[in-house]
Amino acid sequence: MPRGVEEVAADLRARAAARAGPPKSARERIVEIDRFIDEMAAKYKVRPEIIKRIIKQESGGDPNVAVGRDGEIGLMQLMPQTVRDYNVKNPYDPKQNIEGGVHKFADLLRDKKGNEAAALTAYNGSTAYLK
């Protein structure tokens, strides 16, 4: 029998937690995520402040955000098509989610010829980041 979306989501979250090792304090998780944002921003040549703004807008910075009403997943609220397009194996894993989201934003930024406002609008489909 086919598994439902929630069963698959629970399985992926459990796998991500198992790979993460022993539980970390909230502060340790924040520092780790912040460091990874900086790494991915450097890798894809985007400003880390923009990525942090996207994460704040999309998920409030909560890595436990599961699935949004339109199917968005994780910190950067990746759509299922983005997960496929950017080869994100486990969108519930914060690092994979961030890398997929930063890569997508970098592509949008390139497509918009460096115009951050236009790339942010394209990422979210609104001007919410510009406020």
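I took buried to mean under 20% relative accessible area, exposed over 50%, and partly exposed in between, with a 1.4 Å probe and protein chains only. The model is predicted: local features need pLDDT of at least 70 and side-chain atom pairs pLDDT 80 or more, whereas totals for chains, interfaces and linings use all residues. Residues are numbered from 1 along each chain as its sequence is written, and side-chain values use heavy atoms, without hydrogens and water.

**Entry 1, Glu72.** I located Glu72 in the loop between helix 3 and helix 4 (80-85); helices are DSSP runs (H or I, at least four residues), numbered from the N terminus. Glu72 has 14% relative accessibility and therefore counts as buried. I found its side chain at 3.4 Å from the backbone nitrogen of Asp70, a polar contact (a pair of N or O atoms within 3.5 Å, one able to donate a hydrogen and the other to accept it; residues adjacent in sequence count only if both atoms are side-chain atoms).

I looked up which residues of helix 6 (residues 116-124) are buried, and found Ala119, Leu120 and Tyr123. They line one face of the helix, because they fall within an arc of 100° seen down its axis, the arc being that of the directions from the helix axis to the C-beta atoms. Their cover includes helix 3 and helix 5. At the start of helix 6, I noted a side-chain oxygen of Asn115 within 3.1 Å of the backbone nitrogen of Ala117. Just after the helix, Gly125 has a positive phi of about 80°.

Definitions and conventions. Helices (H or I, at least four residues) and strands (E, at least two) are DSSP runs, numbered from the N terminus. Contact means heavy atoms within 4.5 Å.
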